[in-house]
Amino acid sequence: MWSLRWHISILVVAAFTSVSAATTHLDSLLLQVRGDDTIFLAYLHDVYIYPPLVFKNKRQETFYWKTVRDVKKTLPYAKLITKEMAYADTELAKLSTDRERRQWWRKFERSLFKKYEADFRDMYASQGRMLMKLMDRENDRTSYELIRQYRGKASADFWQFIAKIFKNDLKEGYDGDDKDRIIERVINLVEAGQL
């Protein structure tokens, strides 16, 4: 019995050493000792099982794979923008006057443009539309509402007008249960690492 415990201890040390060297997620591997038993606990990702897709024609298949491409490209940006917005909200709440808020916002906006403009310029129009949908999914607010919150009603109305010219709608929300269910399926599979 002592030999088995010694081997398990070596395995645990080796596992923690390899985990700490490869990643900083030390909490993903847990060890629990109950009497003479040693139990390893690890977090497993959700696994999604969907019925196989049957495409009626080549057009549907092309739409699906473009959706996969667009989600993979824009989902990390939607999550990143959500974090940036949370940071901006906390910083803006600390400022007392509207003038200070406007000055801080202009500076922050310029830094965001410097950081991400090249990435967004490389996106296709379909990826821009996908990003708008994913932003609504992440924040429960449409792109129109977000622009209105940070830039004002006049700016939001202007960009809604421009979007309408290109047959888009900033006020369109995300509906993962009905019209955007394929997108929701792709998001779940991408987040789970299955796609």
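**Reading helix packing and loop residues**

Mentor: Let's start with helix 5. Its buried residues pack against helix 2, helix 3 (98-121), helix 4 and helix 6 (153-165). Keep in mind that this is a predicted model.

Trainee: Which residues of helix 5 are buried?

Mentor: Helix 5 covers residues 143-151, and its buried residues are S143, Y144, L146 and Y150.

Trainee: Where do the buried residues fall when seen down the axis of helix 5?

Mentor: The general idea comes first. An α-helix has 3.6 residues a turn, so residues three or four places apart point the same way. Now the case here: viewed down the axis, the buried residues of helix 5 lie within an arc of 160°, so they line one face of the helix.

Trainee: And what follows helix 5?

Mentor: G152 comes after helix 5, and its phi is positive, near 105°.

Trainee: Is D140 buried or exposed, and what about K167?

Mentor: Use the cut-off here: a residue is exposed when its relative accessible area is over 50%. D140 has 68%, so it is exposed. K167 counts as exposed too, at 75% relative accessibility.

Trainee: Now D180. Where is it found, and is it buried or exposed?

Mentor: D180 lies in the loop between helix 6 and helix 7 (181-191). For this one you need the other cut-off, since buried means under 20%. With a relative accessible area of 4%, D180 is buried.

Trainee: Which residues does D180 touch?

Mentor: Leaving out residues up to four places away in sequence, D180 touches K133, G173, Y174 and D175.

Trainee: Let's turn to a helix pair. How do helix 2 and helix 4 cross?

Mentor: For a pair like this, look at how close the axes come and at what angle. The axes of helix 2 (residues 58-94) and helix 4 (residues 125-139) come within 8 Å, crossing at roughly 50°. The two helices are therefore oblique to each other. As for handedness, helix 2 passes helix 4 in a right-handed crossing.

Trainee: How many nonpolar, polar and charged residues does that contact have?

Mentor: The contact of helix 2 with helix 4 has 10 nonpolar residues, along with 6 polar and 5 charged ones.

Note on methods. Residues numbered from 1 in each chain as written. Predicted model: local features only at pLDDT ≥ 70, side-chain atom pairs only at ≥ 80, totals over all residues. Heavy atoms only, no water. Axes fitted to C-alpha atoms, helices over the stretch in contact; angles between N-to-C directions. Helix = DSSP H or I, 4+ residues; strand = E, 2+ residues; numbered from the N terminus. Parallel < 35°, antiparallel > 145°, perpendicular 65-115°, else oblique. Left-handed = near helix turned anticlockwise from the far one by under 90°. Nonpolar A, V, L, I, M, F, W, Y, C, P; charged D, E, K, R; others polar. Buried < 20%, exposed > 50% of the residue type's maximum accessible area, 1.4 Å probe, protein only. Arc of directions from axis to C-beta. Contact = heavy atoms within 4.5 Å.
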